[in-house]
Amino acid sequence: MSRTPRMGTLAWAEQSARLSNTERIRLIADVAASQVTAGLERFAVRSGLRGAALGRVDLKSVPVVDSIEARAALEFATEVYDLRLLLHCQRSWYWSWMLGQYEGRRADPELVFVSCILHDLGLADRYSPAAADGDFSVVGALAARTFLTERGWAPQRRDIVADAISLHLNPRVDARIHGDEARLLSLGPALDFFGFGAHRIPSATAREVLEKHPRPESAKDLFPEIVHGDGCRPSFLLSLGIKRFVTDNPLDRIGDTVNESGSLLGSPRQDD
């Protein structure tokens with residue numbers, strides 16, 4: 001008997017990107033679990049119990065990914081994104097890798113970089129008409145898979161990137177099931193957009209990233225306006241009120257959100 005694909009994977013999306021009632025309940029539970037874990041981990045950071053993890057997080061931990069394939073992905077992103085999306089994806093690379101260092105992950109730098117750079121293709125003008133009737137992360141994953149196929153990527157590496165992009169909207173992405181690359185991509189964009197996991201980034205390090213790839217003056221200008229398909233993850237998650245975190249992102253007020261450990265304050269994504 002075949003097993004039902006896990007929610008958020010491309011195999012799941014190819015059956016239907018619309019959420020079942022069971023999947024809606026699962027998303028609600030995952031969001032709630034994330035908030036509980038958020039409070040516990042912030043307390044641990046404030047209490048100095050995560051000093052070793054914080055010590056692993058700095059720009060020196062971020063590798064320079066300058067392969068032919070990485071450059072091609074960046075050129076493609078520069079072609080299809082507007083500036084705000086491009087900057088978001090570039091910041092997401094830094095956040096993703098450093099949050100991976102915080103968690104002690106061992107991921108493939110090229111796969112993480114390409115995943116981060118291409119993860120919002122579904123929000124670009126070229127692909128947004130398809131996303132308006134569906135799930136932009138799925139649309140972006142399919143676009144990335146097509147691009148990487150045309151580049152001659154090996155199917156296994158191509159599918160790691162595509163699945164990570166499709167999964168990144170899930171509130172919880174378990175590295176034991178989906179791999180470290182998908183786990184990291186679930187973390188970086190969520191920090192940049194919602195502020196989840198901000199306490200894991202030292203304030204001085206966050207400033208360095210934002211000097212390289214600035215955020216817009218208003219958090220509302222992070223993304224273009226887009227219509228989401230009814231019954232899909234983006235529209236359902238927004239209906240839960242998670243957009244309120246966007247305007248309260250600690251990245252937009254670095255100067256006054258440093259705690260005693262030197263990290264930013266904020267809500268983390270759920271740990272595995």
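Q: What is L118 in contact with, leaving aside its neighbours within four places in sequence?
A: In this predicted model, L118 is in contact with A73, F76, Y81, A144, F147, L148 and I165. Contact means heavy atoms within 4.5 Å.

Q: Which residues have the most contacts inside the largest nonpolar core?
A: They are Y81, W93, W95, M98, L118 and L121, in a core of 85 residues. A nonpolar core is a set of buried Ala, Val, Leu, Ile, Met, Phe, Trp, Tyr and Cys residues joined through side-chain atoms within 4.5 Å. Buried means under 20% relative accessible area, exposed over 50%, and partly exposed in between, with a 1.4 Å probe and protein chains only.

Q: And where does the largest share of this core come from?
A: Helix α5 provides that share, with 10 residues. Helices are DSSP runs (H or I, at least four residues), numbered from the N terminus, and strands are E runs of at least two.

Q: At what angle do α5 and α6 pack?
A: Helix α5 (residues 83–103) and α6 pack at about 140°, and their axes are 8 Å apart. The axes are lines fitted to C-alpha atoms, for helices over the stretch in contact, and angles run from 0 to 180 degrees between N-to-C directions.

Q: Is that crossing left-handed or right-handed?
A: The crossing of α5 and α6 is right-handed. A crossing is left-handed if the near helix is turned anticlockwise from the far one by less than a right angle, and right-handed if clockwise.

Q: Which residues meet there?
A: From α5, C89, Q90, S92, W93, S96 and W97 meet P109, V112, F113, C116 and I117 of α6. By class, this contact has eight nonpolar, three polar and no charged residues. Ala, Val, Leu, Ile, Met, Phe, Trp, Tyr, Cys and Pro count as nonpolar, Asp, Glu, Lys and Arg as charged, and the others, Gly among them, as polar.

Q: Changing topic, is C232 buried or exposed?
A: C232 is buried, because its relative accessible area is 0%. This cysteine lies in the loop between α12 (203–212) and α13 (233–239). Leaving aside neighbours within four places in sequence, C232 is in contact with A17, R18, L19, G134 and D135.

Q: What does V138 touch?
A: Not counting residues up to four places away in sequence, V138 touches L10, A13, A17, S166 and R233. V138 is in helix α8 (residues 136–150), and it counts as buried because its relative accessibility is 9%.

Q: Why does E23 count as buried?
A: E23 counts as buried because its relative accessible area is 15%. E23 is in helix α2 (residues 21–46) and, leaving aside neighbours within four places in sequence, is in contact with M7, W12 and R18.

Q: How far apart in space are A11 and S166?
A: Their C-alpha atoms are 9.7 Å apart, although A11 and S166 are 155 residues apart in sequence. A11, in helix α1 (residues 10–15), is partly exposed, with a relative accessible area of 41%.

Q: Where is confidence lowest and where is it highest?
A: The lowest is in helix α3 (residues 51–55), at a mean pLDDT of 70, and the highest is in helix α6 (residues 109–118), at 98. The pLDDT is the predictor's confidence in each residue, from 0 to 100. The protein averages 87, and 90% of the residues score at least 70.

Q: What rules apply to numbering and to the values?
A: Residues are numbered from 1 along each chain as its sequence is written, and side-chain values use heavy atoms, with hydrogens and water left out. As the model is predicted, local features need pLDDT of at least 70 and side-chain atom pairs count only at pLDDT 80 or more, while totals for chains, interfaces and linings use all residues.
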